Amino acid sequence: MRNSRYIKLLFSGLISCVLFSSCFKDVDFSQAEDITLEPDLEVDLLFYQLNETDFLDSETNAYTPVIRDTVRLEFLDDDYIQDGLMYAALRFKHQNKFPYQINSNIRFLGENGRSQFNVAYVIPEGSGAATSVIDTTRVLDSNEIEKLRRSIQMVVELEVVGAGKELEGELDFMSKGLFRFEF
Amino acid sequence: MRRFAPIIFLLFFFSGFSQNRPLLYNVDDLPQSLLQNPGARIDFTRHIGVPFLSQIHLSAGSTGVTAYDIFADDGTNVNQRVSNVMREITSGDYFSINEQLEILSFGWKMGARGYFSAGIYQELDVFAYFPKDPALLAFEGNADYIGQDFKFSDANFMGEVLTVYHAGFNYKVDAKLTVGGRFKLYSGIFNAESTGNDGFFRTVETPGGPNFYLHEVRGLDVTVNTSGYASLKEEEDMTVDKAVAELLSRSFFGQNGGLGVDLGFNYRVTDQFSINASIQDLGLMFHQKDVENYNYFGSFQTNGLEPLFPELDGNEPTIPYWEIFEERVDRNLQEETTNNTYTTWRPLKYNASFQFGTGKSILPCDYLLSKKPRFMNLFGMIISGVNRPKGPTYGVTAYWDRKVTDNLRFRLAYAVDEFTLTKLGFMMSSRFKNFNIYLAANDIIGYTNLAKANSASLQLGMQFIFKDL
């Protein structure tokens, strides 16, 4: 009987020790505040494939050396861009088969149409046999990231230098963005 | 038979299943063993539990990660640790929480061979696989995973709160065989489940294509079924406290019902050696009221936006490329909320064990006694498992059960399961006259520092148990 009481006490004590001394050691849960989501997203932006007909008026067939278009990028106004964008690198690639230089100007505009920043470069002349390729990556600094946040429109503008109605060839454009966020 | 014991041990060990409550399984002087196996051999003639206190069961576990893995106070960067865990953990790893609270429990011997038992308990069961691919996409993005699929099937979880009304009968067929069954009525309080999802998102390089990449969602088919949630959601000013209060108010008569059975047997191969097995919760829940299903389906792909350089005069608006893009997305990737009834299986639990007894007890010298002497030392092995959406979770427990006196018993157990390879358990049951109190804790090494434990479970309770000779 004495033996059983001793065992009861012993095991009750053991269980109490295990259960009531149980705790979380060597951890710091306040680090939860420091946990961040830092996704790197590769996202296609605009693309186009042009030929000589894109530089001709569809009604009058008149040659137009300058063409442009505007695309609203509504995602630039979303919270994850406005609050979480930490890094952005924009890549633009032109492949030119026109035998003329082409000036490319890619502009980012705000809601009011005011230019925030632009990426301009000359696309060297190419040919049907030898495509000229220009591949540009623009890493935005913090000032430009702020300007990107204020942007909502992307304008692509092309100016063919020195050509006439006899223009013949192709121009392909690809673009993408690498966006790093921190939430 | 003794010669075969090691063989059976090895067979069981390597065929494996798991957890449940192995520390209470085969404990013949606890009524809770009848909840584990309605055909268990028992050693009492009446019982009545202290309401709400006859069994409190809590268990939680995670197979792939511990709190220490993330929150270690070792000076390293917490985000780096999260990243390491994300790489190591797989979509087969899971988190589980199970809680049972016995509200009412009673039973008595019927005739010479039968024992009737009944009661009510409330159960919460949450089981979620780690959504590896969606989490990887959220934490790290797609940049380092070009060409790799992010599978929506990794989102796989279920959670339910219900009240169970049960009545069972244990029948001793002869000196060797005992069988039993338990009928259960489920009263569903809350259910949410999303299993069998399909589809993937990926970004692939497209050399020769119109742009650098192709982003595509293919075969998206994700459904989240809920019952007992819509009414909470629709209530204005709903807070967590109010939601819990509302759920508790549904405790006794939930809106959705179900039926299930437990079945089991125990067979004494010899005086010393016995085998037994049981299944629990072979049953269905029919979700018919307060049901809301959220469905997401479709396929979509894009290379980005393509400006067409239209001829516009200064006053004409530009083409709304973004709106057209959004319309395409909405047309191809749809979401729909429905109120379709659905049926879920309860997580089926199964147990099988063998037990070997040594050291016969000495009974009081009374010629009126019909009881057979019990063995003071019992060695056994239990294989147990639970059916889950991606297959059963399983574990094996070996134990030494020691009856110190007729009123004191303890069990030491060692288990191997998907949480850990070193799970030590301890159970003690004690009787003071007819009042019984028991306490069982599994993975007691983990209790010394829960931060490093993959799992922990605890059962405790108190009740009146009568052993009329």
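In what order do the elements of chain A run from the N terminus on? They follow the pattern α-β-β-α-β-β-β-β-α-β-β, where helices (H or I, at least four residues) and strands (E, at least two) are DSSP runs numbered from the N terminus.

## Basis of the model

This is a predicted model, in which local features need pLDDT of at least 70 and side-chain atom pairs count only at pLDDT 80 or more, while totals for chains, interfaces and linings use all residues. Residues are numbered from 1 along each chain as its sequence is written, and chains are lettered from A and ligands numbered from 1 in the order in which they are written.

## The two chains

Chain A holds three helices and eight strands, and buried residues account for 22% of its 183 residues. A residue is buried if 20 or more other C-beta atoms lie within 10 Å of its own, exposed if 12 or fewer, and partly exposed in between, with C-beta atoms placed from the backbone. Two residues are in contact if their C-beta atoms, likewise placed from the backbone, lie within 7 Å; of the contacts in chain A between residues at least 6 apart in sequence, 78% join residues at least 24 apart.

Chain B contains nine helices and 21 strands, and its C-alpha trace spans about 115 × 45 × 40 Å along its principal axes. Buried residues form 38% of the 469 residues in chain B, and among its contacts between residues at least 6 apart in sequence, 68% connect residues at least 24 apart.

## Sheets of chain A

One open sheet of chain A has four strands in the order β1-β8-β3-β6, with antiparallel pairing; two strands pair if DSSP finds at least two bridges between them. Its edge strands are β1 and β6 (132-139) of chain A, each of which pairs on one side only, and neighbouring strands of this sheet are turned by 10° against each other on average, direction ignored. Such angles are taken between axes that are lines fitted to C-alpha atoms, for helices over the stretch in contact, and run from 0 to 180 degrees between N-to-C directions. Within this sheet, β1(A) and β8(A) pair in the antiparallel sense over ten bridges, and A:Glu42 has A:Leu178 in β8(A) as its bridge partner.

A further open sheet, also of four strands with antiparallel pairing, has the order β2-β7-β4-β5 in chain A. Here β2 (66-72) and β5 (115-123) of chain A are the edge strands, each pairing on one side only, and the twist averages 15° from one strand to the next. Nine bridges join the antiparallel strands β4(A) and β7(A), and A:Ile102 is bridged to A:Val160 in β7(A). Helix α3 (residues 142-150) of chain A lies across β4, β5 and β7 of chain A and runs at about 105° to β5(A).

## Nonpolar cores and the contact between chains

A nonpolar core is a set of buried Ala, Val, Leu, Ile, Met, Phe, Trp, Tyr and Cys residues joined through C-beta atoms within 7 Å. The largest has 28 residues, of which A:Leu46, A:Ile102, A:Met154 and A:Val160 touch the most other members. Two or more residues each come from β1 (40-51), β3 (85-96), β4 (102-110), β7 (151-160) and β8 (170-181) of chain A, and β1(A) gives the largest share, five residues. Apart from this core lies another, of 25 residues, including B:Ile382, B:Leu439, B:Tyr447 and B:Ala456.

Leaving aside neighbours within four places in sequence, A:Leu46 is in contact with A:Val71, A:Met154, A:Val156 and A:Ser175, and also with B:Gly304, B:Leu305, B:Glu306 and B:Pro307. The contact between the chains takes 44 residues from chain A and 48 residues from chain B. On the side of chain B that touches chain A, 30 residues are nonpolar, 13 polar and five charged, where Ala, Val, Leu, Ile, Met, Phe, Trp, Tyr, Cys and Pro count as nonpolar, Asp, Glu, Lys and Arg as charged, and the others, Gly among them, as polar.

## Strands and a loop residue of chain B

Strand β9 (residues 213-227) of chain B pairs with strand β12 (residues 291-302) of chain B in the antiparallel sense over eleven bridges, and B:Val222 has B:Tyr296 in β12(B) as its bridge partner. Six bridges join β12(B) to the antiparallel strand β13 (residues 333-338) of chain B, where B:Thr337 is the bridge partner of B:Tyr294.

B:Asn197 sits in the loop between β7 (177-194) and β8 (198-205) of chain B, and counts as partly exposed because it has 19 C-beta neighbours inside 10 Å. Not counting residues up to four places away in sequence, B:Asn197 touches B:Phe152, B:Ser153, B:Ala155, B:Asn156, B:Asp221 and B:Val222.
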